[in-house]
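These are my notebook entries on one protein chain. I set down what I looked up, entry by entry.

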Amino acid sequence: MSIQGYATEQFFPTEPWLQQYHEAINADEEYAAESEGWGVDFDGAFIFHITDVPLAERTVADLPGEIVDLIDETFEGLPDERIDDIVTAAPDDVKSAIEARDGDVREAAHDELMAVSLDDIADWMWPALEVEVPPLLVDLIEQVDQYIVDGDTVYAYIDLYDTECRGVDVITSLDERGYGFVITGEYDDWKDLVGGEAGIIDQLMGGVMDLDGDMQKILQYSDAAVRLTDIAADTESRFLF
């Protein structure tokens with residue numbers, strides 16, 4: 001779903017972003033040439049294990065500027081009567097927190113939303129507000145709630161086999177899929193990869209990221225591994241955190 005030029009698939013790490021990456025891999029002739037034979041006599045599926053996602057440390061106000069701008073525009077455009085209705089329908093604890101803030105009701109409700117931790121936002125939101133905030137925000141809240149597990153972890157599954165990507169998914173544990181390789185790294189290090197600021201071979205060989213799997217296979221297909229990183233860097237991406 002997109003709004004004012006922004007779409008969920010642009011934001012890393014989300015399942016729609018991973019689907020976009022999947023399509024980009026299969027459209028890339030260079031990757032197809034470099035990965036011929038990958039996974040034919042072994043399991044070539046990867047899990048990208050992203051740790052230390054700073055969910056609990058960030059609030060709605062810390063989301064990318066374009067999302068914050070959309071929220072600001074929404075609150076500015078709502079009639080006074082609708083603002084009153086939204087606050088009246090809020091859970092009692094939220095209503096009390098809004099009423100305790102300085103400023104008028106519109107400003108207080110806006111500021112209370114912006115102060116909510118991203119770890120709590122899915123449970124904090126109530127229906128009367130959810131129907132008014134930007135759909136992009138609702139989509140992203142659903143992604144965060146569904147796919148970030150244990151408060152700070154994402155598992156992205158990528159099934160690579162002989163020149164193509166057969167499928168992708170965001171899963172909630174390592175037990176959900178069979179795989180041949182797990183690459184584990186902190187969120188900031190994955191940002192460097194997706195942003196084109198680092199290379200996967202250097203990250204693995206330098207100990208920045210850890211590999212559970214046959215490193216010799218990775219080195220044998222190092223050009224394919226590098227191309228996967230390049231494709232990610234070429235995929236339009238914005239970072240949620």
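Which residue in S6 is the bridge partner of Asp 159? I found that Gly 167 in S6 is the bridge partner of Asp 159.

I noted the basis of the entries: this is a predicted model, in which local features need pLDDT of at least 70 and side-chain atom pairs count only at pLDDT 80 or more, while totals for chains, interfaces and linings use all residues. Residues are numbered from 1 along each chain as its sequence is written, and side-chain values use heavy atoms, with hydrogens and water left out.

Entry on the hairpin. I looked up strands S5 (residues 154–161) and S6 (residues 164–171), which run antiparallel and are joined by 7 bridges. Strands pair if DSSP finds at least two bridges between them. The hairpin has 2 residues between its strands, and Asp 162 takes a positive phi near 45° there.

Entry on two helices. I read that H3 (residues 65–77) packs with H6 (residues 105–114) at an angle of about 155°, their axes 10 Å apart. H3 is therefore roughly antiparallel to H6 (angles over 145 degrees count as such). In contact (heavy atoms within 4.5 Å), Val 68, Ile 71, Asp 72, Phe 75 and Glu 76 of H3 meet Arg 106, Ala 109, His 110, Leu 113 and Met 114 of H6.

Entry on the whole chain. I recorded 13 helices and 9 strands, as DSSP runs (helices H or I of at least four residues, strands E of at least two). Of the 241 residues, 48% are buried (under 20% relative accessible area, 1.4 Å probe, protein chains only). The C-alpha trace spans about 65 × 30 × 30 Å along its principal axes.

Key: Axes are lines fitted to C-alpha atoms, for helices over the stretch in contact, and angles run from 0 to 180 degrees between N-to-C directions. Angles under 35 degrees count as roughly parallel, over 145 as roughly antiparallel, 65 to 115 as roughly perpendicular and the rest as oblique. Buried means under 20% relative accessible area, exposed over 50%, partly exposed in between (1.4 Å probe, protein chains only).
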